Amino acid sequence: VTTDPIEITIRSYAAEDTAGLRDIRGPVSIPLTNWGLWLLLGGATLLAAGIVIIQMVRRPGRGTPPPLPPHLLAQRQLDALESERLLERRCFQPYYVRLTDILRHYIEGRFGMLAPTRTTPEFLDDMRGSDTLPAPQQSQLHAFLRIADLVKFARHEPPIDQGEQALHMARCFVVDTQPRTVTAEETD
């Protein structure tokens with residue numbers, strides 16, 4: 001395909017109004033005659049920033065209360081579980097899941113055993129291998145965890161009074177194993 005050439009004319013309107021245009025100037029020097037003042041100001045800024053950073057690192061979450069000891073946390077959680085009245089509504093599985101979870105986390109926080117991450121047989125083997133808990137408490141915990149596993153995994157529905165006994169056993173276990181404070185009379 002062949003076409004006739006098209007004529008294009010380009011005109012500049014800038015050439016007509018050059019009064020508003022100026023040439024580029026060279027770099028402007030900033031007079032820094034008092035170097036001491038600038039160094040002092042920079043040092044003070046760095047010092048203030050350092051103090052703020054140190055204060056933030058030393059006191060993270062200044063308004064946050066310290067975590068509760070494991071026995072107090074477990075007691076509060078057991079109270080909350082009881083107030084939900086899951087047994088009265090015949091919600092056995094959620095009740096026993098929460099109850100065993102509270103006990104396992106208490107054992108982890110109190111004794112450092114990895115109770116929440118272990119299966120019941122693994123946890124019981126670990127418990128037997130350590131001298132953390134005396135034999136009566138170990139057997140009590142063993143019986144409780146076996147019944148709880150039946151409820152959690154085999155859909156066993158125990159009597160309501162057995163669930164209340166399990167809660168009572170959990171409370172007694174926490175109270176019996178909580179750290180004791182030594183009084184002045186006991187040291188004499």
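**Figure 1. Disulfides and two cysteines.** The structure holds 0 disulfides, a disulfide being a pair of cysteine sulfur atoms within 2.5 Å. In general, such a link is a covalent bond between the sulfur atoms of two cysteines. This is a predicted model, in which local features need pLDDT of at least 70 and side-chain atom pairs count only at pLDDT 80 or more, while totals for chains, interfaces and linings use all residues. Residues are numbered from 1 along each chain as its sequence is written, and side-chain values use heavy atoms, with hydrogens and water left out. C91 has a relative accessible area of 25% and is partly exposed. C172 is partly exposed at 27%. (Buried means under 20% relative accessible area, exposed over 50%, partly exposed in between, with a 1.4 Å probe and protein chains only.)

**Figure 2. Y106 and F111.** The structure holds 3 aromatic pairs. (Rings of Phe, Tyr and Trp, the last by its six-membered ring, pair if their centres lie within 6.5 Å; planes under 30 degrees apart count as stacked, over 60 as edge-to-face and the rest as tilted.) One of them joins Y106 and F111. Why is this pair edge-to-face? Its ring centres are 6.4 Å apart and its planes stand at 80°, so the pair is edge-to-face.

**Figure 3. Y106 and F173.** Y106 also pairs with F173. Y106 sits in helix α3 (residues 92-111), F173 in helix α6 (residues 160-177). The pair therefore ties together parts 67 residues apart in sequence. (Helices, H or I of at least four residues, and strands, E of at least two, are DSSP runs numbered from the N terminus.)

**Figure 4. The ring cluster.** Ring pairs link Y106, F111 and F173 into a cluster. Are Y106 and F173 buried or exposed? Y106 is buried, with a relative accessible area of 2%. F173 is buried too, at 1%.

**Figure 5. The setting of these views.** The protein has 7 helices and 0 strands. Of its 188 residues, 22% count as buried. Residues 24 or more positions apart make 63% of the contacts with a separation of 6 or more, where contact means heavy atoms within 4.5 Å. The accessible surface is about 14400 Å², and carbon and sulfur atoms hold 59% of that surface.

Definitions and conventions:
Accessible areas come from the Shrake-Rupley method with a 1.4 Å probe; for residues, only the protein chains shown count as cover.
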